[in-house]
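Student: I would like to go through this structure with you. Could we begin with the strands and then turn to the aromatic rings?

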Amino acid sequence: MKLKLFGFTLFSLLAIGSAHAQKSCSASIVSCGCSITRATLYTIDADLSVSQGLTPQNACIEISVAHAKLILNNHAITGAGKGIGIHILPTGTYTFLEGGPVGQPMTGWEFGIESDADNVIIDTPFMQGNSTGILLKQTYNNKVSMLTGNIINHNSVYGIWIDGGNSNQIDSVHTERNGIAGVYVGCSSTGPTGTPCSPAQVSSGNVIYHNYEIEDVGPYSLVLEAGSTRNTVMNNIINSAFDGNTNCAKNLWFDNAVTTANAACIH
Amino acid sequence: MKTSSVGSLLLSTLLAASAGAQNLCGHSITSCGCTITTGGDYVVNANLSSTQGLTALGGCVDIKAANTKLFLNGYNVSGGVSTSAIGVHVLPAAKYTVIEETNATNLAGNKHNFVQNWTYGIKSDADNVIIDVDSIQFNGVGIFLNKTYNNRIVGGNESFNKQYGIWIVGGNSNQVNASFSEYDGIAGIYVGCSLTGPSGTPCLPAEASTGNVIYSYTSEDFEQPAQPYGVVLELNSVRNTVMASSSGTHLQFDLFDGNSSCADNVWVANFFGTVNQSCIH
């Protein structure tokens with residue numbers, strides 16, 4: 001009995017140790033499977049692949065510390081359909097992620113970039129062939145933009161997904177040919193035909209502006225889901241715009257060039 | 001004595017009334033000289049000119065209310081009659097203001113509009129302001145962030161201004177991206193406290209500008225060098241980040257840091273020709 005108890009305890013300790021094991025990234029990152037734990041500058045200096053291993057939370061790179069800066073440096077970050085390319089954990093506030101000029105794509109992930117932290121800046125790299133390019137999950141004051149020439153395209157669900165966040169901003173991005181929508185603000189992984197957000201999850205106060213190429217020709221280009229209210233969409237060129245709220249609720253659509261819209265309150 | 005007191009009281013009352021008098025902006029703005037005092041959406045529906053009058057603070061449009069959205073809607077905001085005037089002035093109480101100029105329909109038709117010929121084209125004294133204005137040119141300073149937090153300047157062309165395209169003084173955590181400048185008198189972006197560039201007086205330590213982030217920014221005199229500096233972080237402006245920006249063909253330095261070894265400023269992944277220190281990358 002004593003031996004059995006000892007064995008159980010040892011197994012438990014090993015399991016806990018394994019679950020908590022994390023490999024800290026060095027300032028020069030050359031393979032997947034590490035965590036950024038220092039508030040300093042990191043650069044990716046080689047193409048990264050899921051085959052090199054992932055973190056315990058299934059990311060190529062995790063960021064768990066505030067005020068880190070990560071430069072992708074035009075290298076590919078390639079997954080195999082699951083996991084997260086770069087995961088900014090809730091403690092990674094004030095992260096600055098710089099995609100740089102047009103380079104190799106971030107591709108093959110369930111979420112290319114997922115931010116769970118507040119006050120993050122994402123200067124987006126070339127994102128292609130993920131389920132969703134960028135997921136902002138219940139974030140506050142994240143800012144997503146991109147250099148001219150980069151693009152978010154051919155992601156099977158969304159280009160950018162704001163799920164339950166507020167006061168986030170998207171500007172200067174170019175999306176096209178994403179599976180359901182280029183930009184989706186809401187809680188459904190299947191688009192506006194799915195389940196809307198619960199009241200506690202609504203996305204509000206987000207500002208989507210100065211995007212001159214939200215050109216998705218799939219079902220939707222830009223969607224504000226039912227229950228996503230008090231958002232502002234202005235000064236964009238949008239192929240297909242959709243607001244799931246009656247009379248757009250308190251969403252403001254203004255100064256956009258829209259090809260097709262589902263409601264007269266979209267301007 | 002009593003008459004004197006009554007006269008004094010009357011004068012004080014008149015002065016107070018005069019100082020308090022302000023022309024409130026309607027939600028459709030068609031002339032300079034009004035003040036926004038209630039948050040909400042305001043749309044400019046005519047070209048605005050300083051000849052139509054200014055506010056008591058010397059602004060074409062002053063914004064005093066939080067959560068205001070001002071759409072310039074493709075119209076010009078033009079100064080020129082005063083030596084000290086401001087196109088759009090966001091006062092300290094007006095946090096979370098959004099100023100939006102060019103509408104996408106106009107842009108698709110290549111129609112550009114200007115905030116021009118002011119001492120400051122746009123001045124922000126408030127936190128959490130978004131400025132998305134296409135062309136802010138021929139002013140003393142294009143955009144002036146005065147001790148602000150978390151202002152965001154996106155997508156503008158701040159060129160041909162006498163001193164700076166963008167001036168950040170004493171602010172922190174402001175961000176500039178996707179903007180452009182050429183042919184400004186001193187610099188495209190200047191972070192510091194001198195109106196005459198890095199040869200002037202630096203900030204006091206208490207006025208230092210920190211935590212500002214400049215990225216995806218371009219400053220270049222395409223035809224011939226004329227602008228002395230591209231981006232300047234002045235002495236005592238520390239812990240700022242300049243990243244993935246392009247600056248070239250300037251008379252002095254494309255990128256300039258006035259701090260010894262750049263202090264805690266981060267310059268990385270930029271494209272440039274000339275810099276004043278090897279810590280700029």
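Student: What is the strand order in the open sheet of chain B?
Tutor: In this predicted model, the order in chain B is E1-E3-E6-E9-E12-E15-E17-E20-E23-E26, an open sheet of ten strands with parallel pairing.

Student: Which are the edge strands?
Tutor: They are strand E1 (28–29) and strand E26 (266–268) of chain B, each of which pairs on one side only.

Student: How many bridges join E17 to E20 in chain B?
Tutor: Three bridges join them; E17 covers residues 175–177 and E20 covers residues 213–215 of chain B, and the two run parallel. Within E20(B), B:Tyr215 is the bridge partner of B:Asn177.

Student: Now the rings. How many aromatic pairs are there over all chains?
Tutor: The count comes to 15. In one pair, B:Tyr120 and B:Phe144, the ring centres are 4.7 Å apart and the planes lie at 40°, so the pair is tilted.

Student: Where do those two residues sit in the chain?
Tutor: B:Tyr120 belongs to strand E11 (residues 120–124) and B:Phe144 to strand E14 (residues 141–146) of chain B; they are 24 residues apart, and the pair links distant parts of the chain.

Student: Is B:Phe144 buried or exposed?
Tutor: B:Phe144 is buried, with a relative accessible area of 6%. B:Tyr120 is buried too, at 18%, because the limit for buried is under 20%.

Student: Which residues do ring pairs link into a cluster?
Tutor: The cluster consists of B:Tyr120, B:Phe144, B:Tyr164, B:Trp167 and B:Tyr190.

Student: And chain A, what is its mean pLDDT?
Tutor: The mean is 89, and 92% of the residues of chain A reach 70 or more. Over residues 1–20 of chain A, however, pLDDT stays under 50.

Methods:
Residues numbered from 1 in each chain as written. Chains lettered and ligands numbered in written order. Predicted model: local features only at pLDDT ≥ 70, side-chain atom pairs only at ≥ 80, totals over all residues. Heavy atoms only, no water. pLDDT = per-residue confidence, 0-100. Contact = heavy atoms within 4.5 Å. Pairing = 2+ DSSP bridges. Helix = DSSP H or I, 4+ residues; strand = E, 2+ residues; numbered from the N terminus. Phe/Tyr/Trp six-rings, centres within 6.5 Å; stacked < 30°, edge-to-face > 60°. Buried < 20%, exposed > 50% of the residue type's maximum accessible area, 1.4 Å probe, protein only.
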